[in-house]
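Morning, everyone. Please have a look at the protein on the screen, and then I'll walk you through it.

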Amino acid sequence: MSRMDEILRVWRTEYRIPFALSAQETWDFWLLESPTYDVKVNTVLEYANTFSLRTLIETGTYQGAMIESTKQHFERIYSIELEKSLYQNAAKHFAPDRHVKIILGDSAQKLPPLLSTIHTPCLFWLDGHYIPLSTEAAKGDIDTPILQELDVILNHSVPNHVILVDDARCFIGKNPFLKDYPTIAELKDYVQQKRPDMQFTVKNDIIRIHLP
């Protein structure tokens, strides 16, 4: 078994990385574990239907692909984008869709005031973290605001939100490209300390957090 085969075997069974990865191994691993985008869209729609959720809150608008693919299925969509030009492009593109609101800023700062207006369960698609070697994606003070995002959501007065976190394969801890990503185990511990009543699972590169 090759070194990469062992990395993939351990990740797929235990969601951890058995070795310190080189930059090339890190990149190869991310590419091998990245599913097609339709898998992510279908997962969002599946959870929306299963839990009867009519509001989607996204962090990391990027080029608006998730909004475009799901906008007919939600009564309200909020999306937060850090990079100004991406925000401007998305705001212009989705201007005719009155149920879609694009918000400029850091999701760690913009989620609290947004959630103060929310009084029903929502589906969260957390994708506002920095991916290296991108010419467009913005980077805030840290590589990913995932812990701040989870803290706001898990402490919200509505107890039964559903949270999906994209790019699970990036949550491997410090690596040659990223220094602020926690591991899957660290994220799971964090959620269980905050909300031991919630399930935490990983499948198809997506972390899923919700009540049973």
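**Inside the protein**

Start with the largest nonpolar core, which has 41 residues. Among them, F29, I57, F124, L150, I163 and I207 touch the most other members. Helix α7, residues 146-154, gives the most to this core: five residues. A second, separate core has 20 residues, including Y47, F94, L123 and L164.

Some terms. A nonpolar core is a set of buried Ala, Val, Leu, Ile, Met, Phe, Trp, Tyr and Cys residues joined through side-chain atoms within 4.5 Å. Buried means under 20% relative accessible area, exposed over 50%, partly exposed in between, with a 1.4 Å probe and protein chains only. Helices (H or I, at least four residues) and strands (E, at least two) are DSSP runs, numbered from the N terminus.

A word on the source. This is a predicted model, where local features need pLDDT of at least 70, side-chain atom pairs count only at pLDDT 80 or more, and totals for chains, interfaces and linings use all residues. Residues are numbered from 1 along each chain as its sequence is written, and side-chain values use heavy atoms, leaving out hydrogens and water.

Back to I163. Which residues is I163 in contact with (heavy atoms within 4.5 Å), leaving aside neighbours within four places in sequence? They are F124, L126, L150, I153, L154, I207, R208 and I209.

Now the cysteines. C122 is buried, at 0% relative accessibility. C170 is buried too, at 1%.

Finally, the whole protein. There are eight helices and seven strands. Buried residues make up 49% of the 212 residues. The C-alpha atoms fill a box of roughly 55 × 40 × 30 Å along the principal axes.

Technical notes. Contact means heavy atoms within 4.5 Å.
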